[in-house]
Amino acid sequence: GETISIGELAKELKKQPKDIIMKLMNLGVMATLNQDIDFETAEMIAIEYGISVSKKLTEEEIEEKRYNFEDRPEDLTKRAPVVTVMGHVDHGKTSLLDAIRNTSVTTGEAGGITQHIGASEVSLKGEKIVFLDTPGHEAFTTLRARGAKVTDIAILVVAADDGVMPQTIEAIDHAKAAGVPIIVAVNKIDKANANPDRVKQELADRGLLIEEWGGDVISVEVSAIKNIGIDTLLEMVLLVAEMLELKANPKRPALGTILEAKVEKGRGPVATVLIENGTLRVGDPVAAGATHGRVRAMFNSHGKTIKQAGPASAVEITGLNDVPTAGDKFYATEEERHARAMAEKRQAELRVSTLRKTPHISLEDLFNQI
Ligand code: GDP
Ligand code: MG
């Protein structure tokens, strides 16, 4: 394809060639002044400077490139892990999430009304963890099927009185397929007929070898009801997160995934967004799937009004002109017309897929099951 020398590009962008060479290095491209780079790469550099070099690029294409642009290593900072709780029905997923939320309230988070927004943020020793309230593997796989990889760590809940069951195995398979590390929570250890050793044996039979058995999977014995082992479980989440070296760039415009959305009387469309990267601010123009708007108000998972939210935050926003779908990509744009252009492009795509009778996944299907 087309190429351009770094010298020419520098002239074109009215920048110092050494700055461009630096930017290229940050992209992992080693180049010298007289070297030719391909047009795609040149365009990335231009977009970094907020300049469109190509007349061929539409506004939404520019936004799309911005969305996919790699962050410079020096802009990356540590971010909190995003965790999903998975496991067989009745093994205690909901109870465990409740216990985790209560732990964080007693450890000094601004209590108040615990609003259900589809995700919760808890903190342990000043470290944040984001929990998705999604119902185990159904939402996990559905979100993934829609191209969203939102989870860093999966907690696999296995009831100590029941052992490994079909949905336990499914959950293991899904987490493995997604490359998401598993932490096992052996739950209901308060019960008289609890048999944690049997659970560990059965997990080993399924190829999930926990640490005590010479493997590398962490397992914690808990009781969601009696509040046993919850702190240890959260500590293990932080330990695994530390090993994953999760990073994000708070300096870029926000991008993420819609977790939940609905219309509320007097508030209009309300959406829960998982901000995966960047910082979202009140007033930002945003696009979410086929909808767009401007962030009018923003709330954290404790229902508190906030003005901005950084990477790995679950927030509720108002200001969208319509209800997006769970799993939709979300991002802030520099200008509202860019957000509108992206939403319109998505609307056109949806019309085509509707004609092709692509199965539709409703929000209710997704989130009614916890
Ligand atoms: P889910 O279907 O995985 O979300 O499971 P739930 O959280 O709804 O729990 C199913 C049942 O197990 C409920 O009756 C809970 O009260 C009970 N349960 C959950 N955790 C524990 C526990 O640690 N100990 C005991 N004894 N019961 C529990
Ligand atoms: Mg449940």
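Modeller: This is a predicted model. Begin with the open sheet, in which 6 strands follow the order β5-β6-β4-β7-β8-β9 with mixed pairing.

Biologist: Which strands stand at the edges?

Modeller: Those are β5 (119–124) and β9 (218–221). Each has a single partner strand, so one side of each lacks a neighbour in the sheet.

Biologist: How are neighbouring strands of this sheet turned against each other?

Modeller: On average by 30°, with direction ignored.

Biologist: How many bridges join β5 to β6?

Modeller: There are 6 bridges between β5 and strand β6 (residues 127–132), and the two run antiparallel. As one example, Ala119 has Leu132 in β6 as its bridge partner.

Biologist: Which helix packs on the sheet?

Modeller: Helix α7 (residues 166–178) does, and it touches β4 (82–87), β7 (153–159) and β8 (182–187). The direction of α7 makes about 165° with that of β7.

Biologist: Now to another strand. Is β17 mostly covered or uncovered?

Modeller: A residue counts as buried under 20% relative accessible area. In strand β17 (residues 313–320), 8 of the 8 residues are buried, so the strand is mostly covered.

Biologist: In what sense does β17 pair with β12, and with β15?

Modeller: With strand β12 (residues 268–277), β17 pairs in the antiparallel sense over 6 bridges; here Val273 stands opposite Val315 in β17. Strand β15 (residues 291–299) also pairs with β17 in the antiparallel sense, over 4 bridges. On that side, Gly293 stands opposite Leu320 in β17.

Terms used
Residues numbered from 1 in each chain as written. Chains lettered and ligands numbered in written order. Predicted model: local features only at pLDDT ≥ 70, side-chain atom pairs only at ≥ 80, totals over all residues. Heavy atoms only, no water. Buried < 20%, exposed > 50% of the residue type's maximum accessible area, 1.4 Å probe, protein only. Pairing = 2+ DSSP bridges. Axes fitted to C-alpha atoms, helices over the stretch in contact; angles between N-to-C directions. Contact = heavy atoms within 4.5 Å.
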